[in-house]
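Please keep the structure in view while reading.

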Amino acid sequence: MQLLMVFALVCTVGSAYGAGDTMPASLTGTRGDPAHGRAIVVNRQLGLCILCHGGPFPEERFQGDLAPDLKGVGARLSEGQLRQRIVDSGKISIMPAYFRTEGLIRVAPAFQGKTILSAQQIEDVVAYLATLRD
Amino acid sequence: MLALPASADEARRSGYDFMSRATRAMQDEDAANTGMLWVKDGEALWNGKAGGANRACADCHGDAVASMKGVATRYPAFDARMRRPVSLEQRINLCRTEKQKATPLAHEGPDLLALSAYIGMQSRGMPIAIVMDENTKPFLEAGRETFNRRQGQLNLSCAQCHEDNWGRKLAGNPITQAHPTGYPLYRLEWQGVGSLQRRLRNCLVGTRTQAYAYGAPEFVDLELFLMWRANGMTLETPAVRP
C-alpha cells in the first residue's frame, strides 16, 4: 500500500515537474537519518554523488567538479526541492534520476529494474543535505 | 591546468595532455614505458611461424617496420568480404585463420595485445587517417549514435562527459576528450596493456551500462567513430595512461 502511494507520487510529481520543483512528502512517510545519509553521499559505489559534486567532506580527497558544491545546499533548497532533485529533477541534466527505472536503455543486468537508491536511502540523503546550512 | 569545457572549434587534445608529468615521462621514455615489453613480444610473434600453414606474419609481410608503417592509422577499416569495418585485432585474426591456418587469438589475450601493440608502434608519430567512403559511412553513423545516446542505469552518454564536460574532474580524475590516440596502451590502473575496447568497457561499466562483447559490431562502430573523430591527431601507441 505504502509502496503504491510512493509510486503514484513519483509518477505524478515527477512528470509534473515544471509546475513545481518540489516534492514535499517523504517517500517513506518518515524522516530519514542524516548520519546514514552522509555515508551514502560520500560512498563512491552507492551514492556516487562525489563523483560529480564537491562538498564539505574534508576526509574525501577525490571529489568531482561537474556539479554545484553541496556546501550550504540545505539553506539554498527546501527539503521538498532536495527530494525532487534526487528522485528525478525532470530537467535535461547530467545528474542521474535516483528513483527511476523507466525510459532507460541497455542497463547492465545487475541493475535492471532497480533504482539507484531506495526510498529509505533517498530520505536519509535528503535529511543529511538539509543539515548543510552554511 | 585545463580550464572549462571549450567550444567545438578549440583544438583537440589527447589524453596525454591531461596526465601528470610523471605519467607523461613514462610514455616519453621507451626504457620507462612498460608497454614496450608487449611491443617486444609482438615482434617475436610477428617473426614466429604458426598454424597449419607454418608461416609467420613476416613470411607474407616482410619487415613490419616498412610494411606496417601507417597501417594502424587506418583501422577500423572497411573489409570487402565482411562487408563492414573490422578492427585491427580482427584483421590480425583474419590473417591468422585464413593465411596461417591457425586458431584466432583471444581478444585481450597477451598475444593479440602484443601483435597489435607491435603493429601500432610502426605508426607511432603518424596522423590518424580513417578513410571515409560510402561503404563506411553507415557504420560511422551507428558509432556516432552510440556516442550520443544516453544509456545505462546512470543514463549518461559518452558525449555528456567527453564533449560537454572534458577538462572537469570526475571524482578527482580529469575527463578527457576520449580520443583513442594511444591504443593498445599501458594503463597504470590495469597494471598491463589493454585495447581501446577494454577502455570503453570501463566507461560502460562505470555508467552501469550493459557492455558489448569484445569484437561486437557495435564496439567496432564506436571505435570507428572515435578514430574518425580523432583524424589528424598523432598516434602514440604504445601510450601510457593513469
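## Basis

The structure is a predicted model.

## Interface of chain B and chain A

In this interface, 26 residues of chain A are in contact with 22 residues of chain B. The two chains bury about 2,100 Å² between them, and carbon and sulfur atoms account for 57% of that area. On the chain B side, 33% of the buried area comes from B:Gln153, B:Arg208 and B:Gln210, more than from any other three residues.

Which kinds of polar pairing does the rule find across the interface of chain B and chain A? Zero salt bridges are found there, while nine residue pairs are in polar contact, with both residues at pLDDT 80 or more. Helix H8 (158-162) and strand S3 (169-170) of chain B each supply at least two residues of the side that touches chain A. By class, that side of chain B has nine polar, eight nonpolar and five charged residues.

## The second largest pocket

The second largest pocket holds about 400 Å³ of space. It is lined by 24 residues, of which B:Trp46, B:Cys57, B:His61, B:Ile92 and B:Cys95 are the closest to its centre.

Four helices of chain B each supply at least two residues of the lining: H2 (35-47), H3 (57-61), H5 (88-98) and H6 (110-121). H5(B) gives the most, with five residues. The lining divides into 15 nonpolar, six charged and three polar residues.

Methods:
Residues are numbered from 1 along each chain as its sequence is written. Chains are lettered from A and ligands numbered from 1 in the order in which they are written. This is a predicted model: local features need pLDDT of at least 70, side-chain atom pairs count only at pLDDT 80 or more; totals for chains, interfaces and linings use all residues. Side-chain values use heavy atoms; hydrogens and water are left out. Contact means heavy atoms within 4.5 Å. Buried area is the accessible area (1.4 Å probe) that two parts lose on being put together, summed over both. A salt bridge is a side-chain nitrogen of Lys or Arg within 4 Å of a carboxyl oxygen of Asp or Glu. A polar contact is a pair of N or O atoms within 3.5 Å; within protein, one must be able to donate a hydrogen and the other to accept it, and residues adjacent in sequence count only if both atoms are side-chain atoms. Ala, Val, Leu, Ile, Met, Phe, Trp, Tyr, Cys and Pro count as nonpolar, Asp, Glu, Lys and Arg as charged, and the others, Gly among them, as polar. On a 1 Å grid over the protein atoms alone, a cavity is a set of points where a 1.4 Å probe fits but cannot get out, and a pocket is an open set with protein on both sides within 12 Å along at least five of seven lines; lining residues have an atom within 4 Å of a point. Grid points are joined across faces, edges and corners, and a volume is the space filled by probe spheres set on the points.
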